[in-house]
Amino acid sequence: MEKRFDVHTHFIPPEVMQWLREEQTHIPVHWDDAEKMLTINHQWGFRLKEEFIDLHAYLEAQRRADVFHSLLSPIPQLFLYNVEAAVTNELARLYNDALCRLASNHPDRLSALATVPLNHPEQAALELRRAMKNGLKGAIIGPSVEQKLLTDDSFIPFWEEADALDAILFIHPLLCDDPRLKGRRMTNLIGVPWETTVCAADLLLGGWLDRYPHVRILLAHGGGFLPYQIGRLQKGYDVWHPVASSLQAPPLDYLRRFWFDTVVWDHRVLQLLLDLVGQDRVLPGSDFPFDLSQWPPVQSSLEAVQAFLGLP
Ligand SMILES: [Zn+2]
């Protein structure tokens, strides 16, 4: 059987759980014992399965699912872009150092991405450099920071560093805070892919893929709604000069410069994505161990994922 990979999966090392217990004064942490739900900073509670926090349980699940190698990411609930930057940075360093240790102890099975304090972009650039020097492959980042999109001028130092480092930037959504989505779990069900859509469309239309060509941008959940609506962006490019004038190529060309995970939960949708961007841009992902995950991850081109991760 061919090797299976997973580029979209999350883990919380014990050092981070310990920090959360000690930092209750800075970051409110609520634990619902009956439901096993963890809520950090009053946002996006989630069921804390053993596989999130127990490396043995994680590796055992990986083995049972025949997943050969996983690219671990911090959880989005701990990006902490809306707290004091010094606290965000402290946790980022701790989280990244712990993931470095895990990856270097299990180099065949695990590699990892960093979290960075994007609420302080210069610091985020420094932390990205430090983490990658220690062996991480890049960073997982949110789609915006307090309503500021990633093309905001303030993030330029971070983009420049990521470009210089040939970093992977995994754009992972946070919950959408549109009040209309409050009911029926829509903040997650459609708000999450919507956040990725907004971020990716802004990067595309802002010419960011020409400006920082060495950054390898991976979009979560199959790129949200962007692939499905690429024809509309193309129409705007054809008809509206202000859209076309900031781009050197049509939107579909730019769509093919992102990478996408396979976390779309429908084989017809995955086929559409493959048809649009090609096999070499679609990488296997699961979102394990979150409740909404695809486990084991749906596989795609082996060559593509090995090249992306720089693995033999
Ligand atoms: Zn995820």
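Q: What makes the arrangement of the 4 donor atoms around the zinc ion irregular?
A: The donor atoms subtend angles of 88 to 158°, which makes the arrangement irregular. Four donors count as tetrahedral if all angles lie between 85 and 135 degrees; four count as square planar and six as octahedral if opposite donors are over 155 degrees apart and all others between 65 and 115; anything else is irregular.

A quick word on the model: it is predicted, so local features need pLDDT of at least 70 and side-chain atom pairs count only at pLDDT 80 or more, while totals for chains, interfaces and linings use all residues. Residues are numbered from 1 along each chain as its sequence is written, and side-chain values use heavy atoms, with hydrogens and water left out.

Q: Which residues are called protein donors of the zinc ion, and how do you know that they qualify?
A: They are H8 (NE2), H10 (NE2), H172 (NE2) and D287 (OD), lying 2.1 Å from the zinc ion. Donors are N, O and S atoms within 2.8 Å of the metal (3.2 Å for Na, K and Ca); water is not among the atoms, so sites may look incomplete. Along the chain, the donor spacing reads H-x1-H-x161-H-x114-D.

Q: What makes H8 and H172 a pair that links distant parts of the chain?
A: They are 164 residues apart: H8 is in strand β1 (residues 4-10), and H172 is in the loop between β10 and α7 (186-189). Helices (H or I, at least four residues) and strands (E, at least two) are DSSP runs, numbered from the N terminus. Both H8 and H172 are buried, meaning under 20% relative accessible area, with exposed over 50% and partly exposed in between (1.4 Å probe, protein chains only).

Q: Why are the buried residues of α13 said to line one face of the helix?
A: In α13 (residues 267-277), the buried residues are L270, L273, L276 and V277. Viewed down the axis of α13, they fall within an arc of 125°, so they line one face; the arc is that of the directions from the helix axis to the C-beta atoms. On the face turned away sit the exposed residues H267, R268 and D275.

Q: How do you know that β12 and β13 pair?
A: Two strands pair if DSSP finds at least two bridges between them, and β12 and β13 have 2 bridges, in the parallel sense. D261 has L283 in β13 as its bridge partner.

Q: What makes β7 and β13 edge strands?
A: The open sheet has the order β7-β10-β11-β12-β13. Its edge strands, β7 (138-141) and β13 (282-283), each pair on one side only.
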